[in-house]
Amino acid sequence: MDKAAERGRPWDHIVVESSGVAEPREIRENFQRVMATTPEELNGARLDTLVTVVDSNNFLTEYEKRNRVNQRQDLGADDYSEGNTRQVVDLMVEQIECADVILLNKADRATPDTMALLKETVCTAYSTDPMLSSATACHPSVPGEVGSYVTERLLH
């Protein structure tokens, strides 16, 4: 934000990508807390849209497991996460519940039956539109309607 002020041109929008073990409720609450207590720290920035990207091919398999975050090396289990006994499925549900937009990513790798069950499962935690599907992995320039929707949503 300081760099934008120095150059005399503010950012149109800023995208923050958090890790797969991010706790979006905490991210939203932190923005809200700072906005309420010290809004000048945000330099006019605000949290507009929380997007959760769901791996269509693997979500249901992970959803059925009862792994804990501190047991999953691929989720950053290390000496600092030793005490994190939260189940991965709880984190996955929180990420869906807190989202403004759900992106069902890698839909081309999932069967039609899997996609139907995935949509039904996600809808139990997430009751509002939009839920979008992407056939390919999400990249900085997201293809097709997903990119258009997210871009339009961020700019308006």
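S1 pairs in the parallel sense with strand S2 (residues 101-105) over five bridges, pairing requiring at least two DSSP bridges. Thr-52 lies opposite Ile-102 of S2.

Residues are numbered from 1 along each chain as its sequence is written. Because the model is predicted, local features need pLDDT of at least 70 and side-chain atom pairs pLDDT 80 or more, whereas totals for chains, interfaces and linings use all residues; side-chain values use heavy atoms, without hydrogens or water.

Ser-56 occupies the loop between S1 and H3. Its relative accessibility is 1%, so Ser-56 counts as buried (under 20% relative accessible area, 1.4 Å probe, protein chains only). The Ser-56 side chain reaches the backbone oxygen of Asn-105 at 2.8 Å. Beyond residues up to four places away in sequence, Ser-56 touches Leu-104, Asn-105, Lys-106, Ala-107, Ala-110, Thr-114, Met-115 and Leu-118 (heavy atoms within 4.5 Å).

One cavity of 30 Å³ or more was counted, a cavity being a set of 1 Å grid points where a 1.4 Å probe fits but cannot get out, with lining residues having an atom within 4 Å of a point. Helices H3 (59-64), H4 (88-97) and H5 (112-125) each give two or more residues to the lining of the largest cavity, with H5 providing the largest share, four residues.

How values were computed: 1 Å grid on protein atoms, 1.4 Å probe; cavity = no way out; pocket = protein on both sides within 12 Å on 5 of 7 lines; lining within 4 Å. Points joined across faces, edges and corners; volume = space filled by probe spheres on them. Buried < 20%, exposed > 50% of the residue type's maximum accessible area, 1.4 Å probe, protein only. Polar contact = N/O pair within 3.5 Å; in protein donor to acceptor, adjacent residues only side chain to side chain.
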